Amino acid sequence: RISPAAWSRGGEAGIRSNFFPGLNSTFALWWLESSHELVFVGDEGTTDVSGKSHRYGIEWTNYYKPTDWLTLDADYALTTARYADIPTGETNNFVSNSVGRVVSTGATVVAPNGLFGTLRFRHFGSVPLDPSGTYWAGDTNIVNLGAGFKHKRYKFEIDVFNLLGSQSNDIAYAYGYNYGGLSSDMGLMRHPVEPRMFRGTITVNF
């Protein structure tokens, strides 16, 4: 039997600064405790209820506008997620597929003549795929590029996703599987990020 609802409690403290002209910077520390975790079970294609967990981390957010036409931003988050009800001496306390490090940064240019462009980078650190920490997904890095022109009610834009053709994992799982009825072992199932793609958009405001 399981409880139909889980309780959680946590806290957060931070500071925001505008000390440097044009720079808005925020730093926060947080902590969260949950009575249960929902973890994806690949063999069954569903989620399973696991034990109590503790999560804590830091977040650092920065927006910088050195000129009227340029905006820079950079975000960094570091998180630790562990099960709290593991017996003393055991190390199988990783929360599967919990992302520990996230970095997002980019630059946006908006010219007075209506031209605009953006360049963005996203990074997800390697995540544990099983409670023991034996299997890891590896880092994921993606660069996106966008450019366009806006004039009165019209906007023309072209985006390039996965500009550098990264083949990192979009998502990955580790679970026991049976291949051809011959063996049963722990396997890694991976789904790569989408390949390089182009998208054009025309917007008309009425």
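Which residues form a nonpolar patch on the surface? They are Leu115, Phe149, Tyr154, Phe156, Ile202, Val204 and Phe206, with about 750 Å² of accessible area together. A word on the source: this is a predicted model, in which local features need pLDDT of at least 70, side-chain atom pairs count only at pLDDT 80 or more, and totals for chains, interfaces and linings use all residues. Residues are numbered from 1 along each chain as its sequence is written, and side-chain values use heavy atoms, with hydrogens and water left out.

**The patch and its surroundings**

Areas come from the Shrake-Rupley method with a 1.4 Å probe. Strands E10 and E13 (197–204) each supply at least two residues of the patch; strands here are DSSP runs of at least two residues, numbered from the N terminus. Tyr154 is found in E10 and, at 35% relative accessibility, counts as partly exposed (buried is under 20%, exposed over 50%, partly exposed in between).

Ala111 sits in the loop between strands E7 (101–110) and E8 (115–124).

**A buried serine**

Now look at Ser166, in the loop between strand E10 (154–161) and strand E11 (169–179). Ser166 counts as buried because its relative accessibility is 18%. Beyond neighbours within four places in sequence, Ser166 is in contact (heavy atoms within 4.5 Å) with Asn141 and Val193.

**Aromatic pairs**

The structure holds two aromatic pairs. Ring centres must lie within 6.5 Å; planes under 30 degrees apart are stacked, over 60 edge-to-face, and the rest tilted.

| Pair | Centre to centre | Angle between planes | Type |
|---|---|---|---|
| Phe19 and Phe20 | 5.2 Å | 90° | edge-to-face |
| Phe94 and Trp136 | 5.6 Å | 80° | edge-to-face |

Phe94 and Trp136 link distant parts of the chain, 42 residues apart. Phe94 counts as buried at 15% relative accessibility, whereas Trp136 is partly exposed at 35%. Both Phe19 and Phe20 are exposed.

Definitions and conventions: Helices (H or I, at least four residues) and strands (E, at least two) are DSSP runs, numbered from the N terminus. Buried means under 20% relative accessible area, exposed over 50%, partly exposed in between (1.4 Å probe, protein chains only). Patches are made of residues with over 30% relative accessible area and no salt bridge: like charges are joined within 9 Å, nonpolar side chains (Val, Leu, Ile, Met, Phe, Trp, Tyr) within 5 Å. A salt bridge is a side-chain nitrogen of Lys or Arg within 4 Å of a carboxyl oxygen of Asp or Glu. Rings of Phe, Tyr and Trp (its six-membered ring) pair if their centres lie within 6.5 Å; planes under 30 degrees apart count as stacked, over 60 as edge-to-face and the rest as tilted.
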